[in-house]
Amino acid sequence: MEDNQPQEKPVTQMETQSPVMEKILPAIHIKMDNQKQVTSGTTQDKATCNRCGIISSKEFSFFYGNTCGVKNISMDIYPCMVTAIIGPSGCGKSTFLRSINRMNDLIPHTRAKGRLEVNGINVYDKRTNLVNLRQQVGMVFQKPNPFAKSIFDNVAYGPRLQGIRKKSDLESLVEQCLKDAAIWDEVKDNLNKSALALSGGQQQRLCIARALATRPKLLLMDEPCSALDPLATTRIEDLIEQLKKFYTIVIVTHNMQQAARVSEWTAFFCLGELIEYDKTTRLFTKPGKKQTEDYITGRFG
Amino acid sequence: MKIGYRQAFDKTFTITAGLSVFLMVMALVIILGPMLSRGSKAVFFRGTVEFRKMQLAIFNHGSSDQVQAETARVEKAREPVYELLENFQIGIDVELLTDKTREIYRELGQQLRQMDVDRETYAAIRAKAKDIRDTLSDILESTDKDYVNQGIEVILKLSDDPDFKNTVAEQFFPLARMYGENVKNIDLTQRDQYIAALEEVKDALRKLFGPLPGESTPPMPKDRYGATRWDTAQQSLHQLLWAQAWVETKPGESLEKISVRRDDPQKGQFAGTSLEPLFSLVENNLDDMLQPEFTIYWRYFLDDWVNSHYFGGVGSEIIGTLLLTLLSMMFAVPLGVISAAYLVECADENMVVKIIRTCVNTLAGVPSIVFGLFGLAFFVLFLFPRLNMPSKPCILSAALTLSILVLPVIIRASEEAIKSVPQTYKEASLSLGAGRFRTFVTVTLPAALPGILTGIILSLGRAAGETAPILFTGAVAMGPQPKSLFDGVKTLSYSSLDIATGDRLAMMAPHKQYGVIMTLIILVLCLNILAIIIRWRVAKKLRGY
Amino acid sequence: MESSGTPNHMIDLSSSAAEFNRPLLLTPGEDLKGYILGHVGRWSLFTITSASVLAVLLIFIFVIREALPFLTQFSLTEFLTSTRWYPEGTPHEFGALALISGSLYVTLGALILAVPLGLSAAVFLSDIAPFKVQQICKPIIEILAAIPSVAYGFFAILVLAPWMQKNLHFSTGANTLNAAVILAIMALPTIISVAEDSLSAIGRDIREASYGLGATRAETMLKVVIPEAHSGIIAAVILGMMRAIGETMVVWMASGNATQIPSPWWDLSQSVRTMTATIAGDMGETPKGSDHYHALYAIGFLLLIFTFSLNLVSEYFLSRVRKAKGR
C-alpha cells in the first residue's frame, strides 16, 4: 500500500504529526502559515502548469459495447484549479470524468481508445495500479452515497485501507477531513451515529470528507449538487472554493451558473465530443464556437 | 355485446379472482387451524393428580411433598370405589371365593394344630368346617337361587357353633352372608356376563385411576398411571359409565347396538347389584378423585418422550432437528454464499455461467425423494466406506443430503441480496482505493447481509421440514440422542410421519400426535416470520435512505 | 463556512500537487503478484461455485449407477407398460405403469384444481387488489409455501381422510382426490408467484392502451394481458407440476398406496400409488443390492428425467419472460 520513495521525501518541518503518519503519508504535512505560501505557490504553479496538464487526454475515446461514450477528446487539465465540464445530458461528460479514475470498469463490455494520462501515465495501461490511482484521484458522486456505517467509519474507511490502524491517528485525520469538508461543527458530537441519518447536503459533504481522507491529488466531482437543495448547493460551492487552493478539482455540472461561479476553466462537451475548452471567463463571455454560444444562451440542450 | 353484459362479466371476473384468493386464505386456515388447536392441547390442558405423579416419577419435576399430600387425598376419595368393587367381586368372582374358602379351611387346620386340641375335637371341627367348605363350594357353582339361599341358611345356622369361636372359621360366615346379599339381585345364570362386564369396569377404572390396589406395577410406564388429563379422564369415565349392548328394539327385528348406562335401573348391566352405586359415585366425585388443575406443560418442548410419545414431550426431536439443520447449514451456507458472490461479482454472462445457472435451477427442481436416493447411494454406500467411515445412515449423511437440497435456495437468495446492493456503494468504495475483494468484504457483504440472512433462515425452515431426503439417510424414530456424527437422529419431521402413520400407541394420545406436528409448524412459521420481519425492516431502512 | 473553515488545519499539497507520491504503475513484481492472486482467487471461487454443477452430475451418475443393473437385466418395455408390480413375488415382476399413472393421476388432478385458482389469484394480486391487500397476501403465500410437506400429509391423513370417509361416503379416506386436493394447495404458491411476476412484467402501457379503447378490466386481462404473459403462465404451470410430481410425503400418506389404475378411469375415490411413494415406502424394507432396490432407483431415474425435462422447458419459457422484460 504505502511507498517511501526517497526522492519524494518532503521538507519535514511538521509540528503536529505523529511519527506513524509521517511514515505512511510522507508527502502530507501541515503548515501553520500556509496562507501566504499558498497564494504564491498557486501563481507559480499556474505559470508552470499552463504548459503541462496534470490530466492530459490525447485522442481519447470510450465505448460502451458498440455505442460511443466520448470520442477523440484531447484536453489538458491544470493543477490546483477548478475545471468544469458542462454540456447537455448524455454528452459524455460523466463518462469522461469516470474514465479518469477508471470507474467505468464496473460496466461490462466497455473499452477505451487513445491515451488518458494522469501525471504522465496512461490510466488505461495494463499495468496501472488501480488502487494507487483511485486513492490519489478522489471522486464525489452525483447522489450522496455514504456507507451504512457510522460517520467516523465512513471517513476512516480510506485511511484504514492504507493501513492506518492507530485510533489516535485515525481520530485526528477524521477530524481534519471533516473540518476541511466544513461539516465538523455539525457532526462532531455524534461521530458514531449512522451516516444515513444525515441530511442530503450533509451526506454529500461527508462524502467529500471521505474522499479527502485518502489524501488525493485530484478530486473528481460528478454533478455533486444535482441531488441537493439550493442552500446545500451553496455550501458545497463554498467548500469547492476553499478546496481548490489545495486540490485539483474537475467538476461535471449541468448548471452553467455553477460552472461560472466555481471554475477557472470550462470544457463544453456535446454528443461525446469536446466542442470548446477555455478559461471560464472567456468561454462564457466570448465563446469561440456557435454551438457553445447556443448552449450558453439556452437555445438548445 | 351489450354494455350491461360486459359490465356484469367484468364484475363476475373480479369476484372470481377475489374469491380464489379468499379460498387460498381459507385453505391455510383450514389446514393450520386443526393442527395448531389440537396440538396446543399437548401444552395447555387440565392435568390431574396422575399427571403430577407421572411427572414426578419419570422426569422428577414438581414437589414430592405436594404430590404425596395430593395422592393421600385422592386415595381417600377413591377408597369407597375400591370397596364397592371388592365387595361385588366377592359375589361374582366365584374362583376368588372358592380360593378364599379353601384358604380359610387350610388356615383353620394350622390354627387347630397350634391350639393343641385333642384329636377328636380336631377331627370334629375339621369335619364341620369341611362341610361348610363343601356347601359353600356347591352353592358357588350352583345357578339355582333357592338352592343357594338354602345352603347359606344352613351355613349361617352354624355361626353360633361354639367350636368355631375365636377361630379362622368365623370368617366363613360374613363371606357367606355377603355372597347371599350379592346374589339376591343377580341372575346367576348370567354370571359369566357379569364377569366380562366387571372386567370392562375394572379396565376403565385402571385407565382412570391407575392400577387397582393390590395389583403389581405394570411394565409399561403408560399403564402405571391413570388419566393424566381431564379430557382423557372424561373419555375413560364414559367408558366406565356406558356399555355397548345389543338390544331388541322391536320384537322380531334384528338386534340393534346401543349404548346403555351400566347402572340404568331397567336395562343397565349392574342394575340392582351392589355395584350400582359405584357409577354415580365416580361420576359425581371425579373431581375429588383426580384433582384436575389447569396446567401449562411448557416442558413439552424440553422433555424426552416416554412410551413412544404417550407421555412426555418432543425435546429430543427438537434437539435432533436443530442439530441436523445447523450441521447442514454449515456445509450449505459457505458454499451458497460464495457461489452467489462469484455469480454476481466475478462472472461475465458466458456459457460457463449459463451452465452453472441451469444446474442451480435443475438442483432446485430435483424431487426431494431423489435427493434421498442420491444420499443413500453416494454418501452412505459409496463415499463413507471409501473414507473408512461406517457405511450406515447417520446424521452426517442426512446433513450432507439436506445441504445439497437447500444449496440452490441459498444461492438464489444470496444472489438477489448481493445484486440489490446499490452500485453507488461499490463505486464509493472503489473510488477510495479499495480492491474488489476488499470492497466486497467490507461494503457489499455487510449491505447484503440481511438479504442473505433471510435466505439462510428460509432454507433453515426448509431443511427442518423436509422428510423425504432423510428417510433413508439418517432419520430414526427411536433411540438415544446422537453422540457422534455417525449416529441416527430423531427429527420432528420424521417423527410426525411415524406418529401419524405407524405408531399405534401414539394414536391413543391424539394430543401428542398433533403436538409433534404443531411443534414442527411453529418452528417453521417462526423462522418464516423472522425472515419476513428482517426483510420488512430492511425495506423500511432503504425507504428511509 | 468561515466558522469551520480554519485554513490553519488545511493540508497544503500545493508543493506536490503536480506530483503523485504513489506510483501509478505497478512494478513487474506487483503486476505478477496481482495477476497470480487474481487468477488463483478467481479459479478457487469458480471451483467452489461449480459445486452445484458437481452435485447435479453426481446425482445423475449415482442414480443411474444404481439403476443400471435393473435396466440391463429387466425389460424396459415391461417396466414401462406392465401394471404388475410384484417386486417380492416369484418371479419378480416390475411393471411400473400403475405407479407412473398414479403419479400422473394425482399431478393432473392437482393441476386441474390449482391452475384456475392460482391464475385468478395471480390476476387478483397483480391487477385488482389494493396495495394493502397485496402486502397481506404475499406473506400468506409465503407461509403456504413454507409449511413442511409432512404437515400437509399429516393433515391429509388425520383430518381430511376421516372427513372424506364420513361426509363423502368414500370407501377409504386415503385416495386420489385427497392427495390431489392437498397437492393443489401445495402447488398454489408456486403457480401464483410465478404467474403474478409474469403478469406484472407486462407493462402498464399495454393495459392503458386497452383501457383507452374502452375495454373493461376483464376484457383487458383476458384478451390482452394474459395472452401477452403466456410464457410466464406456462412456466408457472410447469413449475407447479414439478412441485406436485416430485412431492413424496403427501402422496405417500394420502393417496392410499394401492398399486392400481383406477377403473373406471374417472373414479378419484380409489386409491393409487405414485412413483415417489413407492420409493419412500419400499426402500426401507429392501435389502441393498437386490433387484427390488435397483428397480426403485430405476423409478428414481425416471422421476429425475421427468423433472429435468420439465425444468428445461420451464427455463425456456422463463428466459422468454426475461427477454420480454428486458425489451
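Before the first stop, a working rule: two residues are in contact if their C-beta atoms, placed from the backbone, lie within 7 Å. This is a predicted model, where local features need pLDDT of at least 70, side-chain atom pairs count only at pLDDT 80 or more, and totals for chains, interfaces and linings use all residues. Residues are numbered from 1 along each chain as its sequence is written, while chains are lettered from A and ligands numbered from 1 in the order in which they are written.

**Stop 1: chain A.** Select chain A and switch to cartoon. Twelve helices and ten strands make up its secondary structure; helices (H or I, at least four residues) and strands (E, at least two) are DSSP runs, numbered from the N terminus. Of the contacts in chain A between residues at least 6 apart in sequence, 66% join residues at least 24 apart. Chain A has 301 residues, and 48% of them are buried. Here a residue is buried if 20 or more other C-beta atoms lie within 10 Å of its own, exposed if 12 or fewer, and partly exposed in between, with C-beta atoms placed from the backbone.

**Stop 2: chain B, by domain.** Colour 49-65 + 193-300 as domain 1, 78-184 as domain 2 and 311-544 as domain 3 of chain B; bounds like these come from an automatic or database domain assignment. Between the C-alpha centres of domain 2 of chain B and domain 3 of chain B there are 76 Å.

Now zoom to B:R133, in helix α5 (residues 119-141) of chain B. Is B:R133 buried or exposed? B:R133 counts as buried because it has 21 C-beta neighbours inside 10 Å. Leaving out residues up to four places away in sequence, B:R133 touches B:T101 and B:Y105. Try the distance tool on B:R102 too: B:R133 is 31 residues from B:R102 in sequence, but 7.1 Å from it in space, C-alpha to C-alpha.

**Stop 3: where B meets C.** Show the contact between these chains: 69 residues from chain B and 66 residues from chain C take part. On the side of chain B that touches chain C, α1(B) gives the largest share, 19 residues. That side of chain B divides into 48 nonpolar, 18 polar and three charged residues. For the classes, Ala, Val, Leu, Ile, Met, Phe, Trp, Tyr, Cys and Pro count as nonpolar, Asp, Glu, Lys and Arg as charged, and the others, Gly among them, as polar.

**Stop 4: the cores.** A nonpolar core is a set of buried Ala, Val, Leu, Ile, Met, Phe, Trp, Tyr and Cys residues joined through C-beta atoms within 7 Å. The largest one has 272 residues, and C:V63, C:A156, C:L183 and C:V250 have the most contacts inside it. Pick C:L183: beyond four places in sequence, it touches C:V106, C:A110, C:A244, C:E247 and C:V250. A second, separate core of 23 residues includes B:V201, B:L278, B:L286 and B:L290.

Stop 5: Select 28-73 as domain 1 and 96-326 as domain 2 of chain C. Eight residues of domain 1 of chain C contact eight residues of domain 2 of chain C.

Finish by colouring on pLDDT, the predictor's confidence in each residue, from 0 to 100. Chain C averages 85, with 93% of the residues scoring at least 70. Over residues 1-18 of chain C, pLDDT stays under 50.
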